[in-house]
Every structure is written in C-alpha cells, then in structure tokens.
Amino acid sequence: MRAKVILSMVLLTFSAYSCILEEGYKPEKRTQAAKLIWDATSNVISGNLYAADLALKLDLWMTAPESQKNQIEDRYFPGSKIRVTQGVWNLTGTPVFIYPDNKSIHTVGSVWKVMFADPLYTYPPTRRMHITIECTGDLEWQIATYDGEAVNDEFEFEMGLSGRRVENPANAAGYIYTVSGGGSYIPFEYSFINESLIISYEVSAEMTFHPQSVQSLFNNYFYRAYQGKCSITVNDKKNSAVDDKILVEILSGSSTRILYKLTYNGTTENWESSTL
C-alpha cells in the first residue's frame, strides 16, 4: 500500500517535468517510482560534480602557460568566456561565479567556492547553490553544498571526490570522479510550495561518474554513474509512516548504455538506459 502512495506522490511531483507522464500513465515496472527518484538523485550529484569541475578547469587555465590559455579555454569553456571582476570569476552568459583561494585548487589545503546565483534550467537542471571545495590530497577534494537563499532547508550535499583527467579532447569535462558521501533534498522545491517529500541518499559503495556530452545552452556535459551503489530513503514531512528504501546498484556502465538494478521496498528489477 505504501508503495502505491509513494508512487502516486512521485508521479505527481515529476509529472510537470516529464512529457512521458501523461494522464492515464501506468508504471512500466514495479520499481518505476524508484527509477524516478534515482534519476533525480543522480541529477543532484551530477550538478555538484559539474560545479566542482568548472572550478578545477578554471584552475587548469589559470596555472597554464600563457601560450596554452586560448587552447584550454576553447576546449573547457566552449560557448563562454572566462572573465574576472575584483577577484571573482564568471562564465559569461551564465549565473556561475567562482571564488578562488590564493592557492591552486590542486594544492592541499586550498579552499575554493562556487556559486550558482540562479538555477540553470538545462538538462539536467542545476539548482541555485553555494559550493565549497577543499583540496584534501593529490587529485582529491571534499565538497560541501548548501542553498544560499534558504529556499530549501533540506538541501545538503557532502562528498569526497577523487579525480582522473578526461583524455578525450572532444569532451569539455575536466575529470572523471569517484565519489563517497551523501546528502538530502526536496524535489523541485522552487516550483512546489507544498512539496513534502524528503530524499536522503548515501553512497554505500564508491560510485564513479563519467561525463556525457549534451547539447545545451549553458553546459556541454553532465555526469552519469558507471559503477557503485547508492542507498536512498524517501520520507514525507506530512506522513511519518512513509519510510521507503531504495538501493541502486550499477551493474555496468559504458559510453553507450548503463545497466543497473533497483531494489524498492523488497522488490528488485533491472533497468537499462542509453547514454546516447
């Protein structure tokens, strides 16, 4: 019974954002609600990784020899220019602002900040947020994110990252990331005043996220999980009986498709998604 309730709530929440959830829509599988929640959770993680990647790429540009700066800017920031005003860097045409430390973000102990002053309504959407990135080791960082406007008091993100450079020059991303940690959020808090679902998640086995190119006005790529596990809990502030558990297990990931297994309140089903 709880599964039907939570599915109805999730479909109601997501229906405004998905053309496939039309009137009379019937779930494809018994774990359909879990898939929707994993998609939303994956997008939250992707948005944070994208923000961190922007800062890391800016640092690569700032520390590069002058003769290489144009080449780095063309590869990593296509469609935008990087500009600085009083020590704050901006990607032209976007609400993204980067506040560097006086040290490279690749230097242990450095702390950089990134602010999305407004949401980016792209795919996937990136919410308004303030991000702190601290270098903790060689190609290792700790990220903490909060909603600077206090619109979403439930929004938290704390993860450790390790990075591996993207070798493909055709991809605008800087790094592939392996993550651990977790957070929480309310789906679509900017559009649903009475939203009551709270999604909490924890990476239970390190997850590796790879960049996938996408045609978008602002961002040229987003991140998708190729391996690892994530545990998710769905609660409802208006109904304390709702305590649904989801386990996401990535079985295999590649540049063409991702296979994963969802366990939702005891029901397990396999899913496949194309990366094209």
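Strand β9 (residues 197-213) and strand β10 (residues 221-236) are paired in the antiparallel sense, with 14 bridges between them. Two strands count as paired if DSSP finds at least two bridges between them. Strands are DSSP runs of E with at least two residues, helices are runs of H or I with at least four, and both are numbered from the N terminus. The model is predicted, so local features need pLDDT of at least 70 and side-chain atom pairs count only at pLDDT 80 or more, while totals for chains, interfaces and linings use all residues. Residues are numbered from 1 along each chain as its sequence is written, and side-chain values use heavy atoms, leaving out hydrogens and water.

Strand β9 also pairs with strand β8 (residues 175-185), again in the antiparallel sense, over seven bridges. Which residue of β9 is the bridge partner of Tyr177? The partner is Phe209. Phe209 in turn stands opposite Ala225 in β10, and Phe209 therefore has a place in both pairings, by the rule that pairing rests on bridges between strands.

Strand β4 (residues 111-116) and strand β5 (residues 129-137) run antiparallel and are joined by six bridges. Within this pairing, Lys113 has Thr132 of β5 as its bridge partner.

Strand β5 is also paired with strand β6 (residues 140-146), in the antiparallel sense and over seven bridges. Here Ile133 stands opposite Ile143 in β6. The two strands β5 and β6 form a hairpin with two residues between them. In the turn of this hairpin, Leu139 has a positive phi of about 60°.

## Salt bridges

How many salt bridges does the structure hold? There are five salt bridges. A salt bridge is a side-chain nitrogen of Lys or Arg within 4 Å of a carboxyl oxygen of Asp or Glu. Side chains of opposite charge can pair when their charged atoms come close. One of the five joins Lys35 to Asp39, with the closest N and O atoms 2.8 Å apart. Both residues belong to helix α2 (residues 32-62), where a spacing of four residues puts about one helical turn between them. Lys35 counts as buried, at 19% relative accessibility, whereas Asp39 is partly exposed, with a relative accessible area of 29%. In these terms buried means under 20% relative accessible area, exposed over 50%, and partly exposed in between (1.4 Å probe, protein chains only).

Glu249 takes part in two salt bridges. In one, Glu249 is joined to Lys229, the closest N and O atoms being 3.6 Å apart. This pair links distant parts of the chain, since Lys229 is in strand β10 and Glu249 in strand β11 (residues 239-253), 20 residues apart. In the other, Glu249 is joined to Lys261, with 3.7 Å between the closest N and O atoms. Lys261 lies in strand β12 (residues 257-264), so this pair ties β12 to β11 across a separation of twelve residues in sequence. Glu249 counts as buried at 14% relative accessibility, while Lys229 is partly exposed at 35% and Lys261 is partly exposed at 24%.

## Aromatic pairs

The structure holds seven aromatic pairs. One of them is formed by Trp61 and Trp89, whose ring centres are 5.5 Å apart and whose planes stand at 70°, so the pair is edge-to-face. Rings of Phe, Tyr and Trp (its six-membered ring) pair if their centres lie within 6.5 Å; planes under 30 degrees apart count as stacked, over 60 as edge-to-face and the rest as tilted. Trp61 is in helix α2 and Trp89 in strand β2 (residues 88-91), and the pair links distant parts of the chain, 28 residues apart. Trp61 and Trp89 are buried.

Another pair consists of Tyr175 and Tyr177, with ring centres 6.0 Å apart and planes at 40°, so the pair is tilted. Tyr175 and Tyr177 are both buried. Which residues do ring pairs link into a cluster? The cluster is made of Tyr50, Trp141, Tyr175, Tyr177, Tyr221 and Tyr223. Among these is Tyr177, the residue whose bridge partner in β9 is Phe209.
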